[in-house]
Amino acid sequence: MSGAHARHARGRSTATDGAGRTFRTDAGIAEPPPRPTAPPTTTATSVIGEVGPLDEAPAGTEAATVAESFPGPKPYATAPAAAATPRTSTTPSASTPSASTPRASTPSASIPKAPARKTDLVTEITASLVVFLVALPLCIGVAVASGVPAELGIISGVIGGLVVGAARGSTLQVSGPAAGLAALVAETVLEHGVAMLGVIVLFSGLLQIVLGLVRFGRFFQAISLAVVQGMLAGIGLPLMFSQAYPAADAKAPGTPIENMAGVPGLLADTAGNPQALIAAALGILTVVLSFLWKKVPGPVGKVPAALVAVGIGIAVAALPGVDVRTLQVGNLLASVDVPGAEQFAGLADAGIITAILTFTVIASAESLFTAAAVDRMHDGPRTRYNPELIAQGAGNTVAGLLGALPITAVVARSSANVQAGAKTRLSRTLHGLWLLAFALLLPQVLALIPISVLAGVLIHSGWKLFAPQEFPKMWRQDRGECAVMTLTTLVIVATALLEGVLVGLAAGVVLAAVRMSQTVIRQDTDDDTAKVVMAGNATFLRLPQLIEALEAAAESGKPRIRLDLTGVTHLDHACRSQVEEFVTQQRGKGLRVELLLPGPAQRPATSGEPTAHRPAQPDPLPRRQTTPAPSPAPGPTAEWFYLDTRPMPEDFAERYAQEYAPGYTEEHATHGYGPGYTDGYAQSSPRGHAPH
């Protein structure tokens, strides 16, 4: 008996849904039946045995053919477990293998061919070289912008390829030193020194591993998009201004505000220095090439723009009479600085702990946000967020032990990897190997690169992070979210990254709370009754309106007060307590207060209470069945419902109060609320209901 059929004999089989995905049919789960008119095909189980029980069947195989024979989406249907009869998803066919048929009888169309694997290997190697050419100038540029030796940037790039690239999590995402953390690293190095950077990165990596083990990776998807875009803009804007100075062979003053204020002086100094003008021209040329090079037709346009700019910069710097600053490169192995006892003693400093938390949050968020963006670029395996967070933590742990830069996923390298045709983790792993070989064998080439060219590469990266076109786009879509996005950016520029993100998160929560608290309160007086009708979400943010309406009803002088809250979809503790306290006070004064809360009032029956005026008791809810009952698969006439995520109209709560709340009180007037309870509502009801 073959392995695939042995699994079926144990009571487990596999099938495919309408999208071509495979799933197991364990006890209690039955696959949808095939269309009666489908032509004879090979069984899904015989093909799925080749690709694995939970893998996606390749396009063009018999598994995909079987999947196409099922009409429409296929939900799972519950069915009782069969103790003696094995369940296999078989279709009558002459080619269906029996229990004794060897695996070799499977049609060859479902077996990957050897030439295809060879082509894939070539593609992976080619993609790795493309990623290497993109990553090399970025690794060096990020290191220079961070205020550390260029070798540390290369070491981090090697770790991002060999450690993070080989780990599980994301398939095509490429990691390394990122421009988004350059400003944060530069600030940390300026305050605590390069020696403490390794300890900070080390413990950030360990914390990332812990967060991944406790399955905290998905939490980062719950952050408002406005906060994310504001954070990226707050990173990109200071990065552009800070790199404007090395682009002209000058030194940046310091903080983002100081860098922005010093731009006029920078322009004046550059105009009076011929060598600075040459450096600035190289930087400007690099930025222009970064924007326009992708429009170059033919195979030349596939060469990374940063690499072209580096080549031009090396050629210009070699010309006689040109004296621009070039990269200072030392020995790669000598640059490794393992943290010692003195550095670990710095963990007692509150500033170090704050830096560790900041690095952890920002690096994790940037990596997982990048994973979501990269997943939208391809149709391959999706990112598994918790394993990816663990992989990022492992990379940062190794980088910290070597005293290198922090590692995150990088969009530029990841998109280059996808566009080069990579399909597996091999390409991103090999790019780290190429970085290591280049740094060890050709370090003298790095010393020829002008710093202004690297600064131009980072200015372009900062512009993409800033993404100014997103602000008017967000304004057109949601002005409240645009305000949160702008506030996050401004606070990051004015203070620091962590403070800006925290302020943005707080602003997003406040905005969501205010929008969730859409409440409409109507007041009316009729004969001897003061009426208050409320609809929407009643939260503590609407307490002033609620208290004002209740006080107005109490001051109306009517002997009866009617509070209708049947249109309220959410009544929080603060509002409920306020209403109940008001009812108790007014009844203590001798007034008749009628309170109608959401849903018909119900209370236990007593022996002395008449049943004529009690609310009808609903039937008890059915208990959950311990054994799943059989249910037929959805037929061709089944209805499918989709959730409409568009926001409610602004006047929804008010229209609900006008149309539904009066009718609700009329329909329940005979359920014990007293005679005359709905007096006055029949005339005002738009439905024209008569009182019971």
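Predicted model: local features only at pLDDT ≥ 70, side-chain atom pairs only at ≥ 80, totals over all residues.
**Entry 1: helix H7 and what follows**

I started at arginine 215, which comes after H7 and has a positive phi, near 60°.

Then I went back to H7 itself. It runs over residues 197–213, which makes 17 residues. I checked its length from the first C-alpha to the last and got 25 Å, close to the 24 Å expected at 1.5 Å a residue.

Which residues of H7 are buried? I listed Leu197, Gly198, Val199, Ile200, Val201, Leu202, Ser204, Gly205, Gln208, Leu211 and Gly212. What do these buried residues pack against? I found four helices on the list: H6 (182–192), H13 (341–345), H14 (350–375) and H15 (385–401).

Next I looked up leucine 213, which also belongs to H7. Buried or exposed? Leucine 213 has a relative accessible area of 61%, so it counts as exposed, the cut-off for exposed being over 50%. Leucine 213 also turns up in a nonpolar surface patch of about 480 Å², together with Val210, Val214, Phe216 and Phe219.

**Entry 2: the whole chain**

I zoomed out for a bit. The chain has 27 helices and ten strands. Of its 692 residues, 45% are buried. The chain exposes about 34,900 Å², and carbon and sulfur atoms supply 63% of that.

I also looked at contacts between residues at least 6 apart in sequence: 78% of them join residues at least 24 apart.

**Entry 3: salt bridges**

How many salt bridges does a search of the whole structure find? The search turns up six. I wrote down some of them.

Aspartate 526 pairs with lysine 531, and their closest N and O atoms are 3.7 Å apart. Aspartate 526 is partly exposed, at 24% relative accessibility. Lysine 531 has 4%, so I noted it as buried, since the cut-off for buried is under 20%.

Arginine 576 pairs with glutamate 580, with 3.9 Å between the closest N and O atoms. Where do these two sit? Both are in helix H24 (residues 573–588), four residues apart, which is about one turn of the helix. An α-helix has 3.6 residues a turn, so residues three or four places apart point the same way. Both partners are partly exposed: arginine 576 has a relative accessibility of 32%, and glutamate 580 has 40%.

Arginine 592 and glutamate 594 meet through their side chains, at 3.3 Å from N to O. Arginine 592 is partly exposed at 38% relative accessible area, whereas glutamate 594 is buried at 6%.

I moved on to strand S9, residues 560–571. How many of its twelve residues are buried? I get ten, so S9 is mostly covered. S9 pairs with strand S8 (residues 529–538) in the parallel sense, over nine bridges.

**Entry 4: helix H19**

H19 covers residues 451–466, and I ran the same length check on it. Its 16 residues should span 22 Å at 1.5 Å a residue, and the end C-alpha atoms are 22 Å apart, so the two agree. H19 is mostly covered, with 14 of its 16 residues buried. Alanine 467 follows H19, and its phi is positive, near 45°.

**Entry 5: threonine 286**

Threonine 286 has its place in helix H11, residues 274–292. Buried or exposed? Threonine 286 has a relative accessible area of 1%, so it is buried.

What does threonine 286 touch? Leaving out residues up to four places away in sequence, I noted Ala309, Val453, Gly456 and Val457.

Methods. Residues numbered from 1 in each chain as written. Heavy atoms only, no water. Expected span 1.5 Å × (residues − 1). Buried < 20%, exposed > 50% of the residue type's maximum accessible area, 1.4 Å probe, protein only. Contact = heavy atoms within 4.5 Å. Salt bridge = Lys/Arg side-chain N within 4 Å of Asp/Glu carboxyl O. Areas by Shrake-Rupley, 256 points an atom, 1.4 Å probe, with all protein chains shown as cover. Patch = residues over 30% accessible without salt bridge, like charges linked within 9 Å, V, L, I, M, F, W, Y side chains within 5 Å. Pairing = 2+ DSSP bridges.
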